[in-house]
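This briefing groups the computed features of one model by topic. Please keep the sequence and the structure in view while reading.

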Amino acid sequence: MGESNVAEVLVRCLENEEVEYVFGLPGEENLHILEALRDSPIQFITTRHEQGAAFMADVYGRLTGKAGVCLSTLGPGATNLMTGVADANLDGAPLVAITGQVGTDRMHIDSHQYLDLVALFAPITKWNAQIVRPDTTPEIIRKAFKVAQSEKPGAVHIDLPENIAAMPLKGKPLHRDNREKTYASTRSLNAAAVAISKAKNPLILAGNGVIRGHASEALTEFATRLSIPVANTFMGKGAIPYTHPLSLWTVGLQQRDLISCAFDEADLVIAVGYDLVEYSPKKWNPDGDTTIIHVDESRSEIDSSYIPLVEVFGDISDSLNDIVKRCDREAYPGSNRNGKEATSAVSLRHQIKEDYEQYANDDGFPIKPQKIIYDLRQVMDPEDIVISDVGAHKMWMARHYHSDCPNTCIISNGFAAMGIAIPGAMAAKLVHPDRKVVAVTGDGGFMMNCQELETALRVNTPFVTLIFNDNGYGLIEWKQISQFGHSTSVDFGNPDFVKFAESMGLKGYRVESAADLIPTLKKALADDVPAVIDCPVDYKENLRFSQKSGDLSCKITI
């Protein structure tokens, strides 16, 4: 065996990091990496667009906690990666992006396809670097994964000039260190326990950090023992089972909803694993006068509407368990302890559940979004996975699709990038081949990355793509009509989605009535190739919801 080059050592470093897949496209400037991957157990998955590759790495990182890896060539290949990289960074998903680059001998002049990629990626990554000395390769790869996977996780970027990739190198991967737990201070734990014990109407706001930190079990025990209701963010779904009597389901719509009443009444909000990017505190604490306890693995950000009385930063599960031991607060009736009734916000659960269930037998066509989501929930098992794209359907998915388990409803809500659903669903099926996976998308988002359905077929990852079809950008139309009383520039035409799917070797279905949806979903989920379901949606419900929001009057009673 001859002497190794930088690209070969880089690939061995990826193997050392237990990388399973690299998603990307081949190009002239990454040929040495592709050649090194030929003899590696790492599977290179050739995608149809670099954005799809980045989204696959993004969702892989969310579901596993291990950095997903995507690869592009220089110039336009690298800029195509950027949307998915930015999405991972703002949504807290560990990702490592690797780009090819011109040789270092060409960087001082105008050169074909040359861009300063380190400068371009700097604002959308936690850290990035260019490999300019071969012997730094193992250090740069180890640092990239350490930074990407450390709380709060995010994206990093490595730029590899083609002449450096070909240079000889005798280096080897560095030892991977295990991240140790951090523990909250006794002082902060005591202060939090005192505040919680005194509160009359406390409320827990559970965010994405609960999912990332594998703290859902501890959170559920914490809420149960202390009789405190829980609202989760879009990205915190599954932090507590939606069937739990203290679960108030999801908060985060830009308009007031029933759950807004719980925040109005709360005299203490315990924000657990909450990222401000998920849902601005100005929406639920506009006057900045609600008392807040911050429980997370890192300190809180500075925001005039989010100034915690106490910051408990350390391992979330340990912090919650330690606070419970220090609290003098009783549990709700029906738990394994005798105690007083839960806070008044729990009474909202009946109203929220009633609103959800009123669509169970709705037979209108085109189908109301609430009914589509209700039926989808009926055919999905607790550990099955849905990936929501961005658009009007995302608002309804956030409000009406409820999770028993963490990481079973993936919603991009930090960067909120359209086009994530199809590549994300493929990644989910790679991670969990034994689970049913559904990409929920609008017709706009579908057309942004539908080419990756060919990738899914090629790598044998059958999942269902459910299209909410309204022939337009429904979310923007909703916003325009609410703000201006009319819409503009949001309508478009679509291909025949059934024929489109069939032309790619997939299965295609069209829903013709409300009664068709559940049997069609069941049939599509049983297919051994990716399937596409075209489902006409009645988005008049958007404006009806806006009207209800404006008329909302909070009357919380026990």
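Leu 268, Ile 270 and Val 272 point one way from strand S10, Val 269 and Ala 271 point the other way, and all are buried; buried means under 20% relative accessible area, exposed over 50%, and partly exposed in between, with a 1.4 Å probe and protein chains only. The model is predicted, and local features need pLDDT of at least 70, side-chain atom pairs count only at pLDDT 80 or more, and totals for chains, interfaces and linings use all residues. Residues are numbered from 1 along each chain as its sequence is written, and side-chain values use heavy atoms, with hydrogens and water left out.

**Strand S10 and its partners**

- Strand S10 covers residues 268-272, and five of the five are buried, so the strand is largely enclosed by the rest of the structure. Strands (E, at least two residues) and helices (H or I, at least four) are DSSP runs, numbered from the N terminus.
- Strand S7 (residues 202-206) pairs with S10 in the parallel sense over five bridges; two strands pair if DSSP finds at least two bridges between them.
- Within the pairing of S7 and S10, Leu 203 has Val 269 as its bridge partner.
- S10 is also joined by five bridges to strand S11 (residues 291-296), and these two strands run parallel. Here Ile 270 has Ile 293 of S11 as its bridge partner.

**The six-stranded sheet**

- Six strands form an open sheet in the order S14-S13-S15-S16-S18-S17, with parallel pairing.
- S14 and strand S17 (507-510) stand at the edges with a single partner strand each, so one side of each has no neighbour in the sheet.
- On average, neighbouring strands of this sheet are turned by 20 degrees against each other, direction ignored. Axes are lines fitted to C-alpha atoms, for helices over the stretch in contact, and angles run from 0 to 180 degrees between N-to-C directions.
- Strand S15 (residues 437-442) is mostly covered, as six of its six residues are buried. Val 437, Ala 439 and Thr 441 point one way from S15, whereas Val 438, Val 440 and Gly 442 point the other way.
- Strand S13 (residues 385-388) pairs with S15 in the parallel sense over four bridges, and Ile 387 stands opposite Ala 439 in S15.
- S15 and S16 run parallel and are joined by five bridges, with Val 438 opposite Val 464 in S16.
- S16 is in turn joined by six bridges to strand S18 (residues 531-536), again in parallel. Val 464 stands opposite Ala 531 in S18.

**Helix H22**

- Leu 521 is located in helix H22 (residues 517-525) and is buried, with a relative accessible area of 0%.
- Leu 521 and Tyr 509 are twelve residues apart in sequence, and their C-alpha atoms are 9.2 Å apart in space.

**Loop between S14 and H17**

- Phe 415 is found in the loop between strand S14 (409-411) and helix H17 (421-431). Phe 415 counts as partly exposed because its relative accessibility is 36%.
- Ala 416 lies in this loop between S14 and H17. Ala 416 has a positive phi of about 55 degrees although it is not a glycine, and at 28% relative accessibility it counts as partly exposed.

**Other backbone geometry**

- Most residues other than glycine have a negative phi, and most peptide bonds are trans.
- Asn 460, a residue other than glycine, has a positive phi near 60 degrees. Asn 460 is placed in the loop between helix H19 (452-458) and strand S16 (464-469) and is exposed, with a relative accessible area of 58%.
- The peptide bond from Glu 151 to Lys 152 is cis, with omega near -10 degrees. Lys 152 is in the loop between helix H6 (137-149) and strand S6 (155-161).
- Phe 365 and Pro 366 are joined by a cis peptide bond with omega of about -5 degrees. Pro 366 lies in the loop between helix H14 (348-357) and helix H15 (369-379).

**Cysteines**

- The structure holds zero disulfides, a disulfide being a pair of cysteine sulfur atoms within 2.5 Å.
- Cys 70 is in no disulfide, and the nearest cysteine sulfur, that of Cys 13, is 18 Å away. Cys 70 is buried, with a relative accessible area of 0%.
- For Cys 405, the closest cysteine sulfur is that of Cys 409, and the distance of 12 Å between the sulfurs is too far for a bond.
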